[in-house]
Amino acid sequence: MPTVYLNGTYLPAEEACVSVMDRGFLFGDGVYEVIPAYGGRLFRLDHHLQRLQDSLDGIRLDNPLSDDAWRGILDEVLERNRDRAGADNDQSVYLQVTRGSAARRDHAFPEQTTPTVFVFSNPITAPDPLIATRGISAITLDDIRWQYCNIKAITLLPNVLLRQQAADHNAAEALLVRHGRVIEGSASNVFVVREGVILTPPRSEQMLPGITRDLVLELAEQHALPYGETDIQADSLRQADEIWVTSSTREIVPVTRLDGAEVGDGRPGPAWKTVIGLYRDYKEAVRNGTQDQGL
Ligand SMILES: Cc1ncc(COP(=O)(O)O)c(C=O)c1O
């Protein structure tokens with residue numbers, strides 16, 4: 001039975017209860033983070049906590065905890081669920097903060113509420129080895145989301161509908177297009193490779209500033225790989241040599257079919273192989289405690 005954290009208490013998941021008046025439940029009024037931990041070591045925690053702060057600022061909700069308190073809770077949840085993880089103890093922690101519950105259902109913020117803080121973890125399973133040989137399929141779809149996609153809001157209905165539309169087409173991800181430009185995936189950031197240059201859209205309010213995205217750019221910089229942040233026209237996607245999507249749980253995934261047509265030669269490309277190698281080395285260094293994460 002998983003152990004979760006809810007509002008100051010560690011308890012079995014099936015005993016954790018939230019009020020039906022919680023604004024997360026009624027309005028989707030809250031934000032979240034998903035943070036991997038390899039060998040029990042939280043990956044890029046400071047980046048996740050900064051993004052959490054930015055999301056909370058974006059919805060005008062005070063952070064209920066200090067960074068140290070967050071770290072303590074996340075470590076404790078990982079520790080209490082260690083027996084559910086495999087021998088390598090790889091888990092991802094999900095944390096959520098909502099604006100709490102109020103006596104009345106009213107859209108405007110209540111005068112005084114206590115935020116609801118919820119944390120749980122899941123074992124991370126190793127990436128499917130078929131991805132390295134075959135990649136995944138994606139489709140392009142109109143970005144039907146709101147204007148503050150930089151906020152990691154729990155209100156995910158558009159993303160859910162978009163991802164299901166992809167699944168209906170036997171695709172693993174939807175690449176979202178706004179005003180002719182590809183922005184990101186339904187739950188990932190997007191990269192393309194053109195003539196050896198790794199490209200991704202610049203940060204904006206239209207996309208989530210992905211922690212994996214930023215690490216890919218950092219690794220490209222460190223290893224002198226050509227890269228750039230630039231708008232990517234959706235109709236130029238067809239000519240890309242490689243397309244990747246990135247996220248904390250899926251890492252870096254090559255898209256080898258887009259809208260039913262092959263990307264490049266239809267197999268994971270050389271730039272992906274280089275970058276996933278660097279990413280895995282970084283991850284192993286975090287696991288071994290040899291990577292300075294600035295914590
Ligand atoms: C919409 C969206 N974009 C990008 C990402 C990737 O972000 P990260 O690399 O921080 O997991 C996610 C992750 O869930 C996401 O939901």
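**View 1. The shell around the ligand.** The shell residues split into four nonpolar, seven polar and two charged. Here Ala, Val, Leu, Ile, Met, Phe, Trp, Tyr, Cys and Pro are called nonpolar, Asp, Glu, Lys and Arg charged, and the others, Gly among them, polar. What you are looking at is a predicted model, where local features need pLDDT of at least 70 and side-chain atom pairs count only at pLDDT 80 or more, while totals for chains, interfaces and linings use all residues. Residue numbers start from 1 along each chain, as its sequence is written. In total, 13 residues surround the ligand, and L208, G210, I211, T212 and S248 are the closest. Helix 6 gives the largest share, three residues.

**View 2. The whole protein, before zooming in.** There are seven helices and 15 strands here; both are DSSP runs numbered from the N terminus, helices being H or I with at least four residues and strands E with at least two. Along its principal axes, the C-alpha trace spans about 55 × 45 × 30 Å. A compact globule of 295 residues would have a radius of gyration near 19 Å, and the protein agrees with that at 20 Å. That radius is taken over C-alpha atoms, and the globule rule is 2.2 Å times the number of residues to the power 0.38.

View 3. The protein divides into domain 1 (3-123) and domain 2 (129-286), with bounds that come from an automatic or database domain assignment. Their C-alpha centres sit 26 Å apart. Domain 1 brings 21 residues to the contact and domain 2 brings 14. On the domain 1 side, strand 3 (30-38), helix 2 (45-58) and strand 5 (91-98) are the elements giving two or more residues. Strand 3 has the largest share of that side, with eight residues. By type, this side of domain 1 holds eight nonpolar, nine polar and four charged residues.

View 4. Most residues other than glycine have a negative phi. N170 is not a glycine, and its place is the loop between helix 5 and strand 8 (173-178). N170 counts as exposed because 10 other C-beta atoms lie within 10 Å.

**View 5. Another positive phi, at D259.** D259 also isn't a glycine, and its phi is near 50°. Look for D259 in the loop between strand 14 (251-258) and strand 15 (261-262). D259 is partly exposed, since it has 15 C-beta neighbours inside 10 Å.

**View 6. G196 in its loop.** G196 sits between strand 10 (189-194) and strand 11 (197-200). With 11 C-beta neighbours inside 10 Å, G196 is exposed. Beyond its neighbours within four places in sequence, G196 is in contact with P226 and A271. W244 is 48 residues away from G196 in sequence and 14 Å away in space, C-alpha to C-alpha.

View 7. V117 belongs to strand 6 (residues 116-123) and is buried, as it has 20 C-beta neighbours inside 10 Å. Not counting residues up to four places away in sequence, V117 touches N7, P64, L65 and V97. Over in strand 12 (residues 227-229) is Y227, which is buried because 20 other C-beta atoms lie within 10 Å. Setting aside neighbours within four places in sequence, Y227 is in contact with V197, I198, L217 and A220. Between Y227 and Q112 there are 47 Å, C-alpha to C-alpha, and the two are 115 residues apart in sequence.

Terms used: Near = placed C-beta within 6 Å. Contact = placed C-beta atoms within 7 Å. Buried ≥ 20, exposed ≤ 12 C-beta atoms within 10 Å, placed from the backbone.
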